[in-house]
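The following note sets out, in numbered points, what a colleague may wish to check against the coordinates. Single residues come before the chain as a whole.

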Amino acid sequence: TIAENDFVVLFFGFLGERKGIMEFLDVADRLSGRASIKFMVAGKPENKTFIRDALDTLRDRSNLVIHDYSIPFAEVQKYFSACDVVALPYTEGSTSGVLKLAMAFNKPVLWTDVGDFPETMKSWPGVQVDKSNLRQDLGEKVLWAHEHILEMVEQANGLAAEFSWTAIASRCAEFLTEDNHG
């Protein structure tokens, strides 16, 4: 179970090998002694025996919540609301809907240098994880994020305000009413 003061790391979406689920589970296992750090897995697993076996082996760990099924759209919010940071330890890929969800819910991310992540993360709080040493570095970055979460949340909240519809509409109105257009 997750307590109000726990630091929660979310792995959301398709639980696939290329998305780093095995590395995430390894870090959850290695950090099981850190009582205040919890790991949440939510999504449908890839149809590979070793992934299902790993989920089943770790299912009863007190620091790990596993919901290994397709998450209904209406429930997505509860997972993002419950977490402090979203883990995207992808080993390959081009883009991620989960990254966009993390941004929509103002959540910092732990990310690897894959696809459009480097470009997107120039304007979003988070920590890059070294994918050449993924298992070790993800664990270190989880611990770092636990220590620096307040700064990252503050940064995310500031960016969320900057990109709100109200702020965008205000900037558009200012632009349209400036005298130097014409």
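1. The side chain of glutamate 46 reaches the backbone nitrogen of glutamate 17 at 2.7 Å. This falls under polar contacts, that is, pairs of N or O atoms within 3.5 Å; within protein, one atom must be able to donate a hydrogen and the other to accept it, and residues adjacent in sequence count only if both atoms are side-chain atoms. Glutamate 46 lies in the loop between strand 2 and helix 2 (49–58). Helices (H or I, at least four residues) and strands (E, at least two) are DSSP runs, numbered from the N terminus.

2. The model is predicted: local features need pLDDT of at least 70, side-chain atom pairs count only at pLDDT 80 or more, and totals for chains, interfaces and linings use all residues. Residues are numbered from 1 along each chain as its sequence is written, and side-chain values use heavy atoms, with hydrogens and water left out.

3. Is glutamate 46 buried or exposed? With a relative accessible area of 17%, glutamate 46 is buried, where buried means under 20% relative accessible area, exposed over 50%, and partly exposed in between (1.4 Å probe, protein chains only). Not counting residues up to four places away in sequence, glutamate 46 touches Phe14, Leu15, Gly16, Glu17, Ile51 and Arg52; contact means heavy atoms within 4.5 Å.

4. Proline 45 also has its place in the loop between strand 2 and helix 2. Proline 45 counts as buried, at 5% relative accessibility. Leaving aside neighbours within four places in sequence, its contacts are Phe14, Leu15, Ile51, Arg52, Leu55, Asp68 and Tyr69. From proline 45 to valine 86 the C-alpha to C-alpha separation is 17 Å, across 41 residues of sequence.

5. Aspartate 6 belongs to the segment before strand 1 (7–12) and, at 12% relative accessibility, counts as buried. Its side chain reaches the backbone nitrogen of alanine 3 at 2.7 Å. A polar contact of 3.0 Å also joins the side chains of aspartate 6 and lysine 38. Beyond residues up to four places away in sequence, aspartate 6 touches Thr1, Ala35, Ser36, Lys38 and Asp84.

6. The structure holds six aromatic pairs. For this count, rings of Phe, Tyr and Trp (its six-membered ring) pair if their centres lie within 6.5 Å; planes under 30 degrees apart count as stacked, over 60 as edge-to-face and the rest as tilted. The rings of phenylalanine 24 and phenylalanine 39 form an edge-to-face pair because their planes stand at 80°, with the centres 5.5 Å apart. This pair links distant parts of the chain, with phenylalanine 24 in helix 1 (residues 21–30) and phenylalanine 39 in strand 2 (residues 37–42), 15 residues apart. Phenylalanine 24 is buried at a relative accessible area of 1%, and phenylalanine 39 is buried at 0%. Elsewhere, ring pairs link Phe12, Tyr79, Phe80 and Phe105 into a cluster.

7. Helix 1 is mostly covered, with seven of its 10 residues buried. Those buried residues are Ile21, Met22, Glu23, Phe24, Leu25, Val27 and Ala28.

8. Two further loop residues deserve a look. Cysteine 83, in the loop between helix 3 (76–82) and strand 4 (85–88), is buried with a relative accessible area of 3%. Cysteine 83 is in contact with Val8, Leu10 and Lys107, leaving aside neighbours within four places in sequence. Asparagine 106 sits in the loop between helix 4 (97–104) and strand 5 (109–112) and counts as partly exposed at 24% relative accessibility. The phi angle of asparagine 106 is near 60°, a positive value in a residue other than glycine.

9. For the chain as a whole, the secondary structure comes to seven helices and six strands, in the order β-α-β-α-β-α-β-α-β-α-β-α-α along the sequence. The C-alpha atoms fill a box of roughly 65 × 35 × 35 Å, taken along the principal axes. Of the 182 residues, 42% count as buried. Among contacts between residues at least 6 apart in sequence, 61% join residues at least 24 apart.
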